[in-house]
Amino acid sequence: MLVTLFLLGIWIYCLLDVLRTDASELRHLSKRGWFAVAFFGFLIGSVLWLLDGRPRHGAAVFGSRMAADGPIGPDDDPAFLRDLERRLRDEET
């Protein structure tokens, strides 16, 4: 029963994800096409949507897209490090 609920949850998630995704970001099929594949294909359609239909912009979060946006943390920000070093030197003198 737990497996059935899990598969049903994935199926519903995929159907809602198809509906929420902007039509200009879809790949290979229209929104109606992906909805039909996910709806009638159940598990296979859901897997196809997750692997091939979803927009890929979220896949690059840890890749080059994040690096192009700027530093991730303060220890990666050269301006922060310079300011920290300057404050530490001021405290020493």
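Predicted model: local features only at pLDDT ≥ 70, side-chain atom pairs only at ≥ 80, totals over all residues.
A residue counts as buried when its relative accessible area is under 20%, as exposed when that area is over 50%, and as partly exposed in between. By this criterion Thr21, with a relative accessible area of 7%, is buried. Thr21 is situated in the loop between H1 and H2. Apart from its neighbours within four places in sequence, Thr21 is in contact with Leu26, Lys31, Trp49 and Pro55.

The overall architecture may be considered next. The protein chain contains four helices and zero strands, and its elements, read from the N terminus, follow the order α-α-α-α. The chain has 93 residues, of which 16% count as buried. Among the contacts between residues at least 6 apart in sequence, 48% join residues that are at least 24 apart.

The mean pLDDT of the protein chain is 81, and 82% of the residues reach 70 or more. Confidence is highest in H1, with a mean of 93, and lowest in helix H3 (residues 64-69), with a mean of 50. Over residues 59-66 the pLDDT falls below 50, and this stretch makes six contacts in the model beyond near neighbours in sequence.

The packing of the helices H1 and H2 can be described in detail. Helix H1 covers residues 2-20 and helix H2 covers residues 31-53; the two pack at an angle of about 155°, and their axes lie 9 Å apart. Because an angle over 145 degrees counts as roughly antiparallel, H1 and H2 are roughly antiparallel to each other. Their crossing is right-handed. On the side of H1, the contact is made by Leu7, Leu8, Ile10, Trp11, Tyr13, Cys14, Leu15, Asp17, Val18 and Leu19. On the side of H2, the contact is made by Lys31, Trp34, Phe35, Ala38, Phe39, Phe42, Leu43, Ser46, Trp49 and Leu50. The residues of this contact divide into 17 nonpolar, one polar and two charged.

Which residues does Ser46 touch, once its neighbours within four places in sequence are left aside? Ser46 is a residue of helix H2, and it is in contact with Ile10, Trp11, Cys14 and Ala38. Its relative accessibility is 2%, so Ser46 counts as buried.

Phe35 and Asp17 are 18 residues apart in sequence, and their C-alpha atoms are 9.3 Å apart. Since its relative accessibility is 29%, Phe35 counts as partly exposed.

Gly53 is likewise placed in helix H2. The relative accessible area of Gly53 is 0%, and Gly53 is therefore buried. Beyond its neighbours within four places in sequence, Gly53 is in contact with Leu26, Arg27, Trp34 and Leu48. Gly53 and Lys31 are 22 residues apart along the chain, and their C-alpha atoms are separated by 9.6 Å. Lys31 is also one of the contacts of Thr21, the residue with which this account began.

Most residues other than glycine have a negative phi. His28, although not a glycine, has a positive phi of about 75°. His28 is located in the loop between H1 and H2. Is His28 buried or exposed? Because exposure requires a relative accessible area over 50%, His28, at 62% relative accessibility, counts as exposed.

Phe42 lies within helix H2 and is among the residues that make the contact between H1 and H2. Its relative accessible area is 32%, so Phe42 is partly exposed.

Technical notes. Residues numbered from 1 in each chain as written. Heavy atoms only, no water. Axes fitted to C-alpha atoms, helices over the stretch in contact; angles between N-to-C directions. Parallel < 35°, antiparallel > 145°, perpendicular 65-115°, else oblique. Left-handed = near helix turned anticlockwise from the far one by under 90°. Contact = heavy atoms within 4.5 Å. Nonpolar A, V, L, I, M, F, W, Y, C, P; charged D, E, K, R; others polar. Buried < 20%, exposed > 50% of the residue type's maximum accessible area, 1.4 Å probe, protein only. pLDDT = per-residue confidence, 0-100.
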